[in-house]
Amino acid sequence: MATPLLFQSKILCFSLLYLFTAALYASLSSTKCLFRSSPFDPVQFPLFSYPSTYGEHKYAIPTHRSSCTSPIYFSDYWAALKEIQDLCRNSSSSSSSSPTLRYIQGKADTFGGNFSTQERFSYFDRAEVPCGFMNEFPISNSDRLAMKNCEGVVVVSAIFGDHDKIRQPNGLGSKTLDQVCFFMFVDDVTLKGLDHHKLLSRKSQEYKIGAWRIVKVSSKHLYANAAMNGVIPKFLVHRLFPNSKYSIWLDAKLQLMIDPLLLIHSLVVSENVDMAISKHPYYIHTMEEAMATARWKKWWDIDSLKKQMETYCEHGLQPWSADKLPYASDVPDSALILRKHGIASNLFSCLMFNELEAFNPRDQLAFAFVRDHMNPKLKLNMFEVEVFEQIVLEYRHNLKRGAPNSKEGPKIKRARPDLFSNGTCGRCKKYLLEMWGES
C-alpha cells in the first residue's frame, strides 16, 4: 500500500509535530502553576468524615485564570522533608522569648494600641520590640503546653463568631502529620456550632477534628471585634508557638490543597526568604486598598481610615514604584502567610500587630509602611495570585438566614472631605499625585 501523500513530506511531518508539541506546552503552561519533580506520596485516606449537615464544601469560590506567568517547582517530598527536619534541628532558639518582647499594658482594660505614634515608630529600627497579648491569651494549660511542644512547622487558623467552616488539608504526605502541627483557634460561639453538628463533645478536655487541634479561646479577655481577635494568632504566632521554626497562617475561608512541607520548602527555604505571601489580585498601592476598604465598607470608621493613611503619609509612606524592588507590590493577599521564624519576621509581625491594635485589623493597610520602615529589612517572596489559587481553595464565609444587613453592626462613620486639601489634612496629596503619575 502506498504511503499517503500527507506523510511523504518530512518537513510537513516535523511541522505538525512541532505545532502539536507547542500547543500541548501552551495548554499545560497556561493552566498549571505547580510542578512536581516526582510522585507526591499523598495520604490515601480521608482525614475526617463530616456529617452532611455541616456543609464544609458550601460556598466555594470558582477561579478561572487563563494564564500562569510564574509557576513554582516542588522538590521531591522526601528531600523536602529531610531538609526541613535538618533546618529545624540546627536552627537556634527563637528570639521570641526575649523579655523585651513581653506584653506592655497601657491601661487595665486596653492593650498595646495605647502606644503613641512616636513610641510605636521608635521601635522600627530595633531587632526587638514590645508586642502583645501573649500573657493574657486565655487558653487552657494543656493547649498552651501542646503549643510549646510544637517544635517544627505549625499551620495556624482561627474561627471567631462561627463565620467559617473547618476544612481538612488535602494532599498531605505520609509523614506530614508527624512533622506538622495544625492548630485552629475558636471562640465559644464557634464551639457551640461544632457541638451542634456533633463534631466534638464539649465534655472533653481536648478537641480534635481531623488534622486540626481545636483550641478554645475564652472571650472574657478578648477584643470586642472578632477580626482583631484573629490578628492575635495571625501575627503573634511566634509568641504562641515559641519553639516552632516555620509557620503557615491560613484564613479559615481557605482550604489547604498542597502539603505544607512542600510549600515551606519551595516558597521560603528554596527562595532564602523570611516570609512568602501572595500579591493582591488587583492593587499594588496602599492607597488603592484603603479606598477599596472604605468603598466596600470593610471597616466602618472611614474617618479613622483617613487619619491612618494621613499618619503614614506624614511619616514617609510612598506609593509603590520600581525603586521598591525586589518588593513587587505594596498590597498582599494576607489570607495565606508562610514564615521562617527569625529576627526579621518576628520584628515585622510585632510591628504589624502594634499597628493593627492602634488603628484597625485591616492588615493590608499597614503592610507596606511597616515593611519599608523596619530594620533589618524583610526578605520577602511575593508570589503570583494564580499560584495562590492553586495552593488553596477559597470559600465564602458562612451564609446564614438573617445575614447582616445595613441596619446591623456599627454605624458608618464618614470622613471629612478634605483628603486633597493643602492644609494639615492634605498630608497624602503628594502620595496621590505620585500614584496617579501627576507629580
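Phe185 and Phe241 are both buried in this predicted model. Their rings have centres 6.4 Å apart and planes at 70°, so the pair is edge-to-face. The two residues come from distant parts of the chain, 56 residues apart. Phe185 belongs to strand E4 (residues 180–186), while Phe241 is in the loop between helix H8 (237–240) and strand E7 (246–250).

For Phe348, leaving out residues up to four places away in sequence, the contacts are Phe235, Met275, Phe367, Val370, Arg371, Met374 and Leu378.

Together with Phe48 and Tyr54, Tyr50 forms one aromatic cluster. In the model as a whole there are 12 aromatic pairs. One of them joins Tyr50 and Tyr54: the ring centres are 5.2 Å apart and the planes are at 10°, so this pair is stacked. Are these two tyrosines buried or exposed? Tyr50 has 13% relative accessibility and therefore counts as buried. Tyr54 has 3% and counts as buried because the cut-off is under 20%.

Charged side chains also meet aromatic rings here. The charged end of Lys165 sits over the ring of Tyr54, 4.6 Å from the ring centre. In a second case, the charged end of Arg167 sits over the ring of Tyr395, at 3.8 Å from the centre.

Lys165 is also one of the contacts of Asn398. Asn398 is placed in the loop between strand E12 (392–394) and helix H15 (429–435). With a relative accessibility of 15%, Asn398 counts as buried. Its side chain reaches the backbone oxygen of Asp162 at a distance of 2.8 Å. Beyond neighbours within four places in sequence, Asn398 is in contact with Tyr59, Asp162, His163, Asp164 and Lys165.

Tyr59, from that list, has a backbone feature of its own. Its phi is near 65°, a positive value in a residue other than glycine. Tyr59 lies in the loop between strand E1 (34–36) and strand E2 (72–74). At 26% relative accessibility, Tyr59 counts as partly exposed. Asn272 likewise has a positive phi, near 55°, without being glycine. The loop that holds Asn272 runs between helix H9 (260–269) and strand E9 (275–279).

Two peptide bonds call for attention as well. Leu325 and Pro326 are joined by a cis peptide bond with omega of about 15°. Pro326 is in the loop between helix H11 (302–314) and strand E10 (332–340). A cis peptide bond also joins Asn375 and Pro376, again with omega of about 15°. Here the proline, Pro376, is in the loop between helix H13 (363–373) and strand E11 (380–383).

Ser140 has 30% relative accessibility, so it counts as partly exposed. Its side chain makes polar contacts with the side chain of Ser142 at 3.1 Å and with the side chain of Asp143 at 3.0 Å. The C-alpha atoms of Ser140 and Ser218 are 9.1 Å apart, although 78 residues separate the two along the chain.

Now consider the chain as a whole. The protein chain has 15 helices and 12 strands. Of its 439 residues, 49% are buried. Among contacts with a separation of 6 or more, 85% are between residues 24 or more positions apart.

How far can the model be read? The protein chain averages a pLDDT of 82, and 76% of the residues score at least 70. Among its elements, E7 has the highest mean pLDDT (98), whereas helix H1 (residues 10–29) has the lowest (48). The pLDDT is below 50 over residues 21–31, a stretch with six contacts in the model beyond near neighbours in sequence. Residues 419–425 also stay under 50, and for them the model has 15 contacts beyond four places in sequence. Where pLDDT is low, the predicted coordinates should not be read in detail.

Definitions and conventions. Residues numbered from 1 in each chain as written. Predicted model: local features only at pLDDT ≥ 70, side-chain atom pairs only at ≥ 80, totals over all residues. Heavy atoms only, no water. Phe/Tyr/Trp six-rings, centres within 6.5 Å; stacked < 30°, edge-to-face > 60°. Buried < 20%, exposed > 50% of the residue type's maximum accessible area, 1.4 Å probe, protein only. Helix = DSSP H or I, 4+ residues; strand = E, 2+ residues; numbered from the N terminus. Lys NZ or Arg CZ within 6 Å of the ring centre and 35° of its normal. pLDDT = per-residue confidence, 0-100. Contact = heavy atoms within 4.5 Å. Polar contact = N/O pair within 3.5 Å; in protein donor to acceptor, adjacent residues only side chain to side chain.
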